[in-house]
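This report describes one protein structure for a reader who is new to the subject. Please look at the sequence and the model before reading on.

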Amino acid sequence: MFKSARAFSFCCLIALTVSSPAFASEASLSQQLDAIFNKHAYVEKNVQLAWLNNGEEYTILEAPANGGKGLDIVAYETASGKRRVLVAAAKLVPSGQSAPLEIQDYSWSPDKKSLLVYTNSKKVWRANTRGDYWLYDMATGKLTKLGGDAPESTLMFATISPDSRRAAYVRANNLYVEELATGKIVQLTTDGSADIINGTSDWVSEEELKLRNCFRWSPDSRSIAYWQFDQSGVGEYTLINDTRSEYPETVKYKYPQPGTTNSAVRAGVVPVSGGPTRWIRLEGDSRNHYIAQLEWAGNSNEVMIEYLNRLQNTAQIMLANAGTGDARLFFEDTDKAWVDHFPLDWIEDGHGGTSADLLWLSERDGWRHAYRVDRKTGQPRLITNFQADLVAKAGIDSDAGWLYFTASPAEPVRLSLYRTRLDGQGTPERVTPNDQPGFHAYDIAPNGRWAVHRYSTFNRPNRIEIVHLPDHKAVRTLVDNDELARKVQPLIGKAEGNPNTEFFEVPVANGITLNGYMIRPPDFDPKKKYPVLVNVYGEPASTTVRDAWGNNGRLFHALIAQQGYLVISFDNEGTPAPKGREWRKCVYGAVGVLSSAQQTQAIRELARERSYIDTSRMAIWGWSGGGSNTLNVMFRYPGVFSTGIAVAPVADESHYDTVYQERYMGLPEANRQGYHDGSPINFASGLAGHLLVVHGSGDDNVHFQGTELLINKLVELGKPFDFMDYPNRTHSISEGPGTSFHVYSLIARYLEEHVPAGGVAQ
């Protein structure tokens, strides 16, 4: 029994308790959810691998052969598999301690004479980016902690210089350099504070632009280029923790909402010996532009910057003189909606020289294609010459003249490896074998001859192997996850060719076809009618319909199907499926409008095609943007779904962050109607069915504020609904023992209470 799970129902300010679940196999379901979310019984095995010697070797972490503590760093010859222990765990024991360092990450100095180990990390918002760094001298065996007398777990992003003589890192929003031989520390910036951030990023740039390590060594090791953010004037948000101590505690941080003041951002270059920073001169208001990327431009004299305007529809690639700070426009990409930004990559000349062209991804011709931008002229040349999207760059083999990338020309739900000539001649060719369906990801070695290949299907966990390129011959399996595959079979059915799972297409209005998947009950009978649970996301940040292993989410939906439900998901227009620019960007300025319409159209059409769908028993649920779309469907299309479950939703788009919301919606003052129409709260009067809203009060991303505003609106309208608050949990609602189990148990029992399970006669 889920006696501890509790939700609150509000109707005219009357609180009620959600009743107990009624699953026929309730005990079994509870035990299975406990195994997934509490006991972590279905965790995939993975491998932490780093290429060594240009890809001729790789290193992984392994437990010591003698059963000792810690992890050895072990090298393997890529071709032969010959093994050698590079650094034994026993050598990574600090003086005065009995146990080796816990290796959370590691890197080698360019000369391979020193090993840098990251350990004792602490969470900073979403990632553990603050911790301790230890340097191990391969020749002497000496182990030294960086940072001098710096407090524990206060260093960020320690990086060894190209000449292997120094390490740079951030501490307390200032940038430091430390000589490895002597331990001498030079503080390069001194103005770091709560508002002035050097070498790392503000909250919104970390979340939306993926900026964390915000400094770069020059190739000659004499200078460092870095970002500086000035948060003064940015709106301050307060998170309230009611349970940590006797009286509530608060956490305050800067969070810009749409149309409000952003941080001022600039880039500068500072000598590693110390001295003033030379700031790069960029035109325009620094609070209405983003420095999305910053890299040295293949030499130590120039810095290359991706400079985005606030609307994010114009990306200017600027070349700046590191000595004078003067900058000039090198290349510009624009879009009527938004410009997606990808890592700045260089295409070397392949002959050991210093000249290089820029590799740039753009949707200027209607597809996401790769272009080679001439270093001298700034003119782009198409190099992926086909009518399909490049999904992600996988690697560049400059010597042989190939770009490797992933794409899905014929099957949007799957992903494979392709390659194309760097000179743009010919058409891309598939590298992944045709007889391997599913989702494929690659980490290609610097020499372009080897790759770590990870692949899975909807019903089969990841297999990880080393393959040779371009013939894709597997030379070594690193992780097979066969044991997990066998273990999950009772939950999901047959691992391959599962008759209870299906990928399909369904037409909606205006000649558009959506991809979808369906999981059927184990004893499915097409002559009966079954209830439905639709899982939705529907926003530009992600897709749900992929022939890939979905970890705990996949298992949860399998358990729901076992209870007698059809579990279905659709990817509407506006999701980042590889189906062309228009598919992805037609929602600009109206996020939430088309998605909710197409989700509704899709389930109606599918029910028309398939008589076994019981339209009187249908529920929809989603998390984050999926929670928003759940609300929009329930409010704008009442009666289609009898039940909705919205977890951590954005109820009002004007209260999410600037970078995400303005990218897809524009500025509020210029698109008031769009912000109104995309926000579920403005259509709450349409609620006609059962609704459960779930949120963590410590959510720093999608604030609890939006759900509170929605609650007020529903109360004002006299609408009955159910609500669950998880105190101090973040957007993942996963912190604390039992939390994930509790969330998914709540969803399961709310579904069963309002949408009875099982097939019935048609």
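## A hairpin

Gly274 takes a positive phi near 100° in the hairpin of β20 and β21, a hairpin with six residues between its strands. Strands (E, at least two residues) and helices (H or I, at least four) are DSSP runs, numbered from the N terminus. The model is a predicted one, in which local features need pLDDT of at least 70 and side-chain atom pairs count only at pLDDT 80 or more, while totals for chains, interfaces and linings use all residues. Residues are numbered from 1 along each chain as its sequence is written, and side-chain values use heavy atoms, with hydrogens and water left out.

Strand β20 covers residues 264-271, and six of its eight residues are buried, so the strand is largely enclosed by the rest of the structure. Buried means under 20% relative accessible area, exposed means over 50%, and partly exposed lies in between (1.4 Å probe, protein chains only).

Two strands pair if DSSP finds at least two bridges between them. Strand β17 (residues 223-230) is joined to β20 by eight bridges, and the two run antiparallel. Here Phe229 has Val265 in β20 as its bridge partner. Strand β21 (residues 278-279) also runs antiparallel to β20, with two bridges joining them. The bridge partner of Val269 is Arg278 in β21. In a regular strand the side chains alternate between the two faces of the sheet.

## A loop residue

Where is Gly298 found? This residue belongs to the loop between β22 (289-296) and β23 (302-309). Gly298 counts as partly exposed, because its relative accessibility is 41%. From C-alpha to C-alpha, Gly298 and Glu348 are 9.2 Å apart in space, and they are 50 residues apart in sequence.

## The whole chain

The protein chain has 11 helices and 46 strands. Its radius of gyration is 27 Å, close to the 27 Å given by the globule rule for 762 residues, so the chain is as compact as a globular protein of that length. This radius is taken over C-alpha atoms, and the rule is 2.2 Å times the number of residues to the power 0.38. Along the principal axes, the C-alpha atoms fill a box of roughly 75 × 60 × 55 Å.

Of the 762 residues in the protein chain, 57% are buried. Among contacts (heavy atoms within 4.5 Å) between residues at least 6 apart in sequence, 59% join residues at least 24 apart.
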